[in-house]
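Hi,

Here's the structure I promised to pass on. Have a look at it first, then read my notes below.

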Amino acid sequence: MTETLLFLVAGLVVIAASTVVGPRLGVASPLLLVAVGVGASFLPSLGSVEIDPELILAGVLPPLLYSSAVSMPAMNFRREFGAISGLSVLLVVASSLLLGLFFSLVLPDLGFAWGVALGAIVSPTDAVATSIVKQTSVSRRVVAMLDGESLLNDATALVLLRTAIVATAASFSFWGALGTFAYSVVVAVVIGLVVGAVNLAVRRRLTDPTVNTVISFAVPFLASVPAGAVGASGLVAAVVAGLVTGIRAPRELSPQSRLSDGQNWRTVELVLEGAVFLTMGLQIRAIVIAVEQDHAGLAPALLIAVGALVLTVLVRAAYVAPLLRVLSARARHAEAMRPRVADMHERISTSEGTHESFTEMNRGRRTPSPRALDQFARRVTQGLADIEYFLAQPLGWRDGTAVVWAGMRGAVTVAAAQTLPDDTPQRPVLVLIAYAVAALSLLVQGGTIGPLLRRIAAPVDEEAVHRQTESERRRLVVLLRDAAAAVPGGEAVRDAARRVGERTEAGADADADDAAAAAAADLDDDARRARIDAAVRHTLAVLAAQRAALLDARDAGTVDAEVLAESLADLDASEIAIRLRGRVPHEPAGGRPGRRGRRGSPGGPESPVRDPEVTD
C-alpha cells in the first residue's frame with residue numbers, strides 16, 4: 001500500500017515537473033513523460049507494471065474528451081463540421097483499410113481482417129497528442145479541425161476494430177458493419193443529448209459551486225457507461241454531453257460554478273493526460289521483452305511500425321489535399337454569395353424587409369409565422385457571419401501541412417492495442433507495432449511540429465491583427481452598451497447608488513458618534529439598504545442582459561471566439577466580485593437563488609462582458 005501511494009505521489013510530481021520543465025527545454029511535456037516512463041520501467045519495482053486497457057478506454061478517455069468538448073468554441077466546431085466529419089470518419093476508414101492491406105502483406109499469416117483491426121488501432125489521431133499543436137502558432141481553423149477530429153474519430157476507430165475482430169470469426173457483411181456503426185453513433189448521440197440536458201437541468205438548481213463541480217465529474221461517465229452497455233460508443237456519448245454542456249452552460253450555470261468547473265477540470269486534464277503518457281512509457285519495455293520471448297523479432301516489428309507511420313502520413317496528405325480544394329471552392333462560392341446575403345441582411349433590419357426576404361426565398365409557398373421570420377433572420381445573420389469567417393481565414397498549403405503533420409497518435413492507439421483478444425495471431429508483435437507507431441508519431445511529428453510550423457509560417461501583419469482585434473472589441477462595447485441601455489431604471493438607480501455610496505464610503509471607518517450622525521441623515525438605514533439593494537439588483541440585471549447579448553452574438557457567429565471568451569470572462573468576474581462582497585439583495589419571494597433564466601434574468605448563471613461605464 002505504501003509503495004502504491006509513493007508511486008502515485010511520484011507520478012503527480014513528475015507530471016507537474018514535466019509541464020514546467022518541458023517548455024523550458026524546448027520539448028513537449030508528453031514526450032518528456034514518455035521518456036521518463038521508459039527510464040522508470042527499468043526500476044525493479046516498476047518493471048512489471050500492467051495497466052488495464054479498459055481503464056484507459058472507459059476511465060480516462062471519457063472525461064478527457066468531455067472536458068475538451070466543453071471548452072471547444074461551439075461556433076467554430078459548427079463551421080468546420082464538414083471537414084471534421086470527413087477527417088474523423090472517411091479518413092479513418094480509408095486509413096484502416098489501406099493499413100490493413102499493408103499489414104496483411106508484411107506480416108505472414110495475419111490475414112486482412114486482423115490487418116484492418118491493427119489499422120483501426122493506429123488510424124485515429126489523439127486529443128491528448130494534438131494538445132502539442134496548440135502550443136504552436138497554427139491558425140484557429142486548423143486547431144478547430146484537429147480538436148473536432150480527435151473528439152470524434154475514436155468512435156470510428158473503435159467500431160472498426162470491433163467489426164474487424166468479429167469478421168475474423170464469422171462471415172463479414174458490409175451492410176451489417178455499416179448498420180453497426182450507424183447504431184453505435186446514433187444511439188450514443190441520443191444518450192449524450194439526454195445526459196447533457198439533464199446535467200444542466202440539475203446543476204442550474206444548485207447554488208454551491210463545489211457540489212456543482214463534483215457532479216460535473218460524473219457527467220462523462222453517466223453518458224459513456226450506459227452507451228457502452230447498449231452497444232453504442234461511450235466516447236461519442238461523452239463528447240455530445242460535453243458539447244451540450246459547453247454550449248448551454250453560460251446561459252444555465254452561474255459564473256461561480258463555471259469558474260470552479262474550469263479550474264478543476266484543467267487540473268484533471270493535466271493529471272490524466274500526464275498519466276496516459278507516463279504509463280505508456282512504463283509499458284514499452286515489457287512489450288519489447290514479450291516480443292523477444294516470442295522470438296518474433298524486434299527489428300522487423302519496428303521497421304513495420306516505421307512503414308505504417310509513413311503510410312498514415314501519406315494517406316492523410318492524400319486526403320487533406322483535395323479537402324483543401326473543396327474548402328477553397330466553398331470559400332469562392334461564399335464570396336460569390338456574399339453580396340446577395342449582405343443585401344438580405346440589410347433588408348431584415350425591418351420586419352417588412354424580413355417578410356419580403358422570407359417570401360422571396362420561399363417563393364411565396366407559405367405564409368410565415370413570427371417564429372419562422374425570427375429563425376429566418378437569425379439564419380441570414382449567421383450565414384453572413386460564416387461567409388466573413390471563411391473569407392477572413394482562408395486555408396492554404398501551410399495550413400494543410402499543419403493538419404497533416406499534426407495528426408499524431410497517442411492514448412487511444414495504446415489502449416486499443418491492448419484490447420486485442422489473447423488468441424490474436426502474433427499479438428505481442430501487433431501490440432508492439434501499435435506502441436511503436438504512437439511513440440514514433442509523438443517523437444517525430446510532435447518533436448518537429450513546432451520548428452516546422454515556425455519555418456513555414458506566413459508573415460503576420462501585426463498592425464492588421466491589432467486593428468482587427470480592436471475593431472472586434474469596439475463592436476462588443478457597442479453591443480454591451482445597447483444591452484445595458486435596454487435594462488429599465490438605470491439612471492435613477494445609478495444616481496441614488498452613487499450618492500449613497502459616497503456617504504457610506506466616507507463613513508466606512510466612522511466611530512459611534514459618526515454612526516449616530518449618519519442615522520440622523522436624510523436616509524435611514526432601511527431606505528439606504530433598499531437603495532443599495534436596488535443598485536446591486538440593477539447591476540446584476542445589466543450583467544445578465546450583456547451576457548445574453550454576447551451569447552446571442554455567439555450563436556449567430558458575429559463575434560470572434562477568442563474576444564468573446566475574454567468578454568464573457570470579464571462579465572463573470574464582475575458578477576463574482578459583487579457576490580463575493582456579499583452585496584447581493586435577497587431574492588424576491590418565489591425566486592430561486594443562484595438561478596439565471598434562459599435569457600439571462602438576474603440572479604443566474606451566464607457569462608457576460610464587462611463594460612465599466614455601465615457596471616461600475
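The second largest pocket holds about 890 Å³ of space. A pocket here is an open set of points on a 1 Å grid over the protein atoms alone, where a 1.4 Å probe fits, with protein on both sides within 12 Å along at least five of seven lines; lining residues have an atom within 4 Å of a point. The volume is the space filled by probe spheres set on the points, which are joined across faces, edges and corners. Of its 33 lining residues, D552, A553, R554, D555 and A556 are the closest to the centre. Helix α21 gives the largest share of that lining, 8 residues (helices are DSSP runs of H or I, at least four residues, numbered from the N terminus).

Keep in mind that this is a predicted model: local features need pLDDT of at least 70, side-chain atom pairs count only at pLDDT 80 or more, and totals for chains, interfaces and linings use all residues. Residues are numbered from 1 along each chain as its sequence is written, and side-chain values use heavy atoms, leaving out hydrogens and water.

Now try M280: apart from residues up to four places away in sequence, M280 touches V34, V414, Y435, A438, A439 and L442 (contact means heavy atoms within 4.5 Å).

Enjoy!

How values were computed:
Helices (H or I, at least four residues) and strands (E, at least two) are DSSP runs, numbered from the N terminus.
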